[in-house]
Amino acid sequence: MSGQTGMQDVVDQFAGSQVLRNALKAVDVRDATTGRRVASYQPEVACIPASTQKLITSAVAMDVLGADHRFVTRLVTGGAVEQGVLRGHLYVVGGGDPTLGSSRMEGVDDIDAVVQRWVRAVRQRGITRITGAVVGDGSYFGTDGAGRGWPWADLGNYYGAGTYGLNINENSYVLSLTQRQQEGSTPPVSSTDPVIPGLVFTNELRSGPRGSGDQAYIFGAPFTYHYFIRGSIPVGTGRFRIRGSIPDPPLLVAQLLTVALREAGVEVVQSPATHLSVGALPEGTGEQLDERRSPPLAEIVDRTNLTSNNLFAETLLREVHRTRATAGDDLTEVIVDWLEARGIATEGLQLQDGSGLSPRNYFPASLMTALLVDRAGATRWRRSIPLAGRSGSLKNVLKGTVAEGRVWGKSGTVDGVRAYAGYVDRPDGRRLVYHIAVNNHTLRGAQLNPLIYELMRALCTAGL
């Protein structure tokens with residue numbers, strides 16, 4: 001593609017690539033200021049967006065909730081405290097915070113630090129005995145933490161971790177496996193971090209060729225504790241780590257705090273529980289011992305888009321739903337209502353979740369570009385989109401080209417789908433928005449990605 005070639009020509013060249021002849025393609029490019037379409041290919045054909053959908057969810061969340069919105073987690077007594085005895089349960093009341101105890105969110109206390117903070121709060125109150133249980137109260141959101149239509153193959157893995165009223169460590173654990181040196185042998189399970197009581201694995205893994213990478217998948221459903229490990233990891237002599245989804249995050253919070261309290265000399269009479277077994281803390285009751293506030297929403301949105309975090313995106317959707325929805329509204333209906341209120345056409349739109357992990361999300365490229373035009377002035381939100389050669393999934397992409405530092409792009413990848421959407425600041429001073437979607441392809445990333453990256457580069461220089 002030449003810098004002298006017209007914009008429509010470079011789009012047509014991309015769509016007409018021989019290796020994409022069996023795939024469904026959609027491209028839309030518009031002027032960010034006027035909304036005028038400058039080039040397109042099937043912009044009204046609905047395509048699966050994968051994680052580019054996070055741009056929609058996060059834009060709505062920033063507008064509805066505000067950049068400074070914070071999620072709150074509280075430690076509350078469920079009964080009177082008399083002479084060091086709490087007569088009742090001790091509740092950890094979640095407010096949906098997806099960052100609680102995260103080991104990957106900068107500036108956030110990890111699990112151990114969070115739990116020890118709660119232990120100190122209990123002891124400072126003078127409590128030495130709890131006649132009830134430690135209760136993980138996740139009633140803030142419902143039990144449908146996983147997105148609608150998420151594939152079975154995703155649910156047991158970290159990227160398929162749903163969001164609940166009480167989350168911990170991004171609802172994921174590290175599964176350590178001991179590598180074997182013989183191909184075809186089974187690498188045994190070594191441990192999980194954190195330890196999850198009752199979690200059982202049927203290990204059907206095999207050792208693959210050296211350098212074959214992580215081809216392992218964990219199969220299991222929320223609130224169940226018998227998981228299956230399938231696929232392969234490479235042969236070797238060390239530990240190999242993969243990440244899975246915690247079956248019941250509110251229960252794990254209760255279990256971790258119960259253990260820590262007992263180790264600190266606080267007697268807890270009953271076994272760990274959740275709101276599902278003993279009920280939620282009645283509203284307006286109890287004595288608050290601790291309150292933990294999340295980082296501001298803007299920082300959560302940064303991580304949502306820069307690292308394509310499904311848990312964070314699903315949390316944003318549920319928080320917007322709590323804020324805006326009326327009784328009986330579908331989770332994603334609030335997104336549709338917001339788009340229509342902004343004058344963005346929703347014909348051809350179907351949303352199943354907030355993250356784009358469901359294969360039954362779809363909408364036209366024209367909807368995404370209309371959103372990007374509408375949000376072009378939302379400077380703080382736009383900073384959350386990866387920038388070519390600089391940040392997120394584009395940090396090592398298009399470096400040393402005219403696109404470096406000029407092309408913002410949120411990627412989206414699920415089986416048979418590759419997509420990008422974002423902004424382009426051209427050397428001539430014009431700002432464009434774009435959406436590129438390829439569906440139903442059978443190509444390896446090494447074949448498809450260079451075609452998309454070249455189109456993204458050409459958006460900087462092609463004639464308008």
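In this predicted model, the charged end of Arg322 sits over the ring of Tyr140, 3.7 Å from its centre. Another arginine, Arg230, lies over the face of Phe219, at 4.9 Å from the ring centre.

Tyr158 is partly exposed, with a relative accessible area of 38%, and Tyr159 is partly exposed at 23%. Tyr420 and Tyr453 form an edge-to-face pair, with 5.9 Å between centres and 70° between the planes. Tyr420 belongs to strand β22 (residues 417–425) and Tyr453 to helix α12 (residues 445–458), so this pair ties together parts that are 33 residues apart in sequence. Tyr420 has a relative accessible area of 1% and is buried; Tyr453, at 17%, also counts as buried, because the cut-off for buried is under 20%.

Helix α5 covers residues 249–263. At 1.5 Å a residue, its 15 residues should span 21 Å, and the end C-alpha atoms are 21 Å apart, which agrees. The helix is mostly covered, with eleven of its 15 residues buried; among them are Pro250, Leu251, Leu257 and Leu261. Just after α5, Gly265 takes a positive phi of about 90°.

Two of the buried helix residues, Pro250 and Leu251, are in contact with Thr274. Thr274 lies in strand β18 (residues 273–274) and is buried, with a relative accessible area of 6%. Beyond its neighbours within four places in sequence, Thr274 also contacts Val135, Gly136, Asp248 and Gly279.

Methods: Residues numbered from 1 in each chain as written. Predicted model: local features only at pLDDT ≥ 70, side-chain atom pairs only at ≥ 80, totals over all residues. Heavy atoms only, no water. Helix = DSSP H or I, 4+ residues; strand = E, 2+ residues; numbered from the N terminus. Expected span 1.5 Å × (residues − 1). Buried < 20%, exposed > 50% of the residue type's maximum accessible area, 1.4 Å probe, protein only. Contact = heavy atoms within 4.5 Å. Phe/Tyr/Trp six-rings, centres within 6.5 Å; stacked < 30°, edge-to-face > 60°. Lys NZ or Arg CZ within 6 Å of the ring centre and 35° of its normal.
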